[in-house]
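Trainee: I am new to this structure and would like a close look at a single part. Could you walk me through the place where the two chains meet?

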Amino acid sequence: MEKHEFSFITDELKEQIRSFRFDNGMKDAGRLVACGDGVLTIEGLTNVKNGELIYINGGKYALAMNLEEKQVGAILLTNAYDLSEGDLAYSTGRIVSVPVGDELLGRVVNPLGLPLDGGKPIPGEKLRNIEAPAPAIFDRAKVDEPLYTGIMALDSMIPIGKGQRELIIGDRQTGKTAIAVDAILNQKGKDVICVYVAIGQKIASVNSVIQTLKAHDAMDYTVVVCSTASETAPLQYLAPYTGTAIAEEFMYSGKDVLIVYDDLSKHAVAYRTISLLLKRPSGREAYPGDIFYIHSRLLERSAKLSEKMGGGSLTALPIIETLAGDISAYIPTNVISITDGQIYLESELFHSGIRPAVNVGLSVSRVGGSAQCKAMKKVSGQVRLDLAHYREMAQFSQFGADLDLATMAVLGKGARLTESLKQNQCAPKKMCDMVVSLVITMKDWLSDIAVKDVNPFLDGFLRDLHLNHPELTDRLEREQTFSDEDADKIKEYLTQYKESRKA
Amino acid sequence: MKKQYIGKIIQIIGSIVDVKFDNHLPNQNELLHVLDGDRMVDVEVLAHRPGGVCRCIALEPTEGLSRGLQVETTGTSITVPVGEQVVGRVVNALGKPVDGKGEMTGEYHSIYREPPSLIEQSPATEIFETGIKVIDLLTPYAKGGKIGLFGGAGVGKTVLIQELISSIATKHNGRSVFIGVGERSREGYEMIEEMTQSGVLQNTSLVFGQMNESPGARMRAAFTGLTMAEYFRDVNRQDVLLFIDNIFRYVQAGSEISALLGRMPSAVGYQPTLSNELGQLEERITSTKQGSITSIQAIYVPADDLTDPAPATIFSHLDATTVLSRKVVEQGIYPAVDPLESSSRILEPHIVGELHYNTAKRAVETLQRYKELQDIIAILGMDELNAEDKLLVYRARKLQRFFSQPFAVASVYTGFEGKYVPLEKTIESVNAILDGKCDDIPESKFYFIGDLSDLEEYKG
């Protein structure tokens, strides 16, 4: 009998030892049991929330990603130097949040909201969670106001509206960032706040963007969120969410905001790194299953808000880099299927001198048309189709088909139109200039001008028009409407200008 | 009131939550509530694990949840409102109203049920006109049939589905159900606006599980809308129009969940259960002797690859497939229907009639021949073709352009008024082009017209 009781006690002891867990009251604290590659395994922290910020001795921060039965998988947001097994970790009770508000304008910050520009610290009186739900369907309004990029090829054929998400996609060195930067420059004096998010870029590239913005006085209304190539994958992963939180603060206070994500391919790679290190199962191209979801929930946060919600808007220009022009790879099609259209840049066009190198056939804007102003809509309705038909016809006629007169006319007009859409970097055009140029080329009033002379001719004419007929250009810019009488007047002025050139 | 049991969260990875129950294990597909202070998060049981653990999928974001939180059982699966109360209403993936028009107190049904049996189903054999030339001629849709609109990103699926809603749903007398699965919230907003203005909304129920929602919610949205449509069909014995934009997102949500569950990935990283999951949904979208469901489903084609497992599996469930192609988009032809890839099960002489059948056959043959000749033209040039083939090429190109059509819903982008073309006019016009009655009209005139009577040059 006694013996039996004795074995009962040892069994009990064995059982207790087996089921012993590192707990001893450390609900909000834990201990590092493994670290490497920026991934931490922490025991304890039983109360930690999913997505909570964890503080580690020595001033480091990590993000709780996997809450497993006996341990927590976390990703390190700072560098991993001097971390070792046994270090203490504490839950902070905060989901990652960053300082937001007017004091960020003109600043360069990292994804945790710390300044990178050597300026004074950001007070952070107002914080915002970097993850936030997208505006609900009934909090939205129709995208009906244009956001001009100042690039004629875009504003006429692929117009962007406030609250739209328009993808910029193309191979490296095709001018993707240039378009985004031009769009930011063109917001000067238009009461639009811009946020530029650099994800996994090399520092030199980010720097040159900042210099360009400064040189054109665009930093006054711009915030730059920067995670460079050397930073940890988690930080790169957080950057676009941080940028969006900063932008949302302005949007919800009723302002119009433009955000550029440069670029989401690197963001996808950063997320893949994290997922693989956390041993989450992988799918296509080794990307994790929820790779679509991380981009969809990011980009769905861009919206045009209803009057009730303050009427602000967040317009997004995400950038995706393709390899060898393959827009049907996994990440590119994912993002194309999220955005409201895409601007497709092609290296062949770029090299043959058509800049911006927009492939009009594959570029589309799903909502922009309803956001164009009356004048632009009137003159640009046909531009896209005319160009598509011109290109198809040009290809077909290469093979020696007999060309009728109608076809010859289509070809000539198409060539001049293509020429007139070429535009230099950092040279945004005014709305009225674009309208006038388009009217002239679309009505085929330039058939007596050689294709290579189209641009100098148009520039000269526009200068002349502003000088001699300011009442017309001013009214166009102000009222944004264009009537048939205006077209007649332009034709008259054009004839005069052509005469004066001959003389 | 069923007895409630309480469990505890023991693990959270992404949207997957493990809950341990000590005495009673809830059923598979049962809805559970996680109690997180004053917030309640819905999760659904997916599987049972050893040790009294339920593996669950969260239907809402899991950020902010922690281990140890209490979870209560509900004793039922997800139930959604059905019947007249949902007409003219907008609900989310879980059947909760989001339009601010108040709670629904009527009948609720579980979103899970078996498809109608073999003897209950009735096949579709009657054509219904859409007014879209290329569709009516080459891929005629059937009343009570299942129609798929396939297309890669940005080739115009949603615009086509919106056009179909505006041309069919406005004339349809029965009920319509629109399900938005994993698509853009902006489109959801515009759809509601459009339906309110055209008056379609008062006969329509809308369900949205858009792309900003968790994969669990996106996947359930399809079942929620389908349950409503089934009720109209079975109980109210009505003919129902069901629009789903987009079925691919249902598969995609399933694959996200599968990866999070740690299931072994199948071809191209899809879930191993792809065809079962799809069968469970698609087999319920069907017409019975009581009433019909005519479904129009948009299917996103990832990476423009029709052999991708998701679209390839969906193909076999459909009666008519309209394939939109990027090549056609590049030519500036909208709707960008690829006439050689699209097909319809009812394009048979005994269903559509000899004239329609023969016209369609001729049109396809001409386009196919042109496609074959394109290689020769690219290498040797047009001059090397014989006179007959040259004529064929010019007629085929006119036909391609004739198949473009201005849409009412796209008039803001194109600046053209929408045009509805009756089927007879389409057949007549196509025959005229193929018979050479338009040989002297330049091909650029054929862009974005209705039937041939829109051409001044055409004498008839």
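Mentor: Happy to! The contact, meaning heavy atoms within 4.5 Å, takes 70 residues from chain B and 68 residues from chain A. Keep in mind that this is a predicted model, where local features need pLDDT of at least 70, side-chain atom pairs count only at pLDDT 80 or more, and totals for chains, interfaces and linings use all residues. Residues are numbered from 1 along each chain as its sequence is written, chains are lettered from A and ligands numbered from 1 in the order in which they are written, and side-chain values use heavy atoms, with hydrogens and water left out.

Now for the area. Between chain B and chain A about 5800 Å² is buried, buried area being the accessible area (1.4 Å probe) that two parts lose on being put together, summed over both. Carbon and sulfur atoms give 57% of that area. On the chain B side, the residues that lose the most area to chain A are B:Arg67, B:Arg186 and B:Tyr189. Together these three account for 13% of what that side buries.

Charged pairs come next. A salt bridge is a side-chain nitrogen of Lys or Arg within 4 Å of a carboxyl oxygen of Asp or Glu, and the count between chain B and chain A is two. In one salt bridge, the side chain of B:Arg184 meets that of A:Asp340, at 3.8 Å from N to O. If you find B:Arg184 and A:Asp340 in the view, you are looking at a salt bridge across the two chains.
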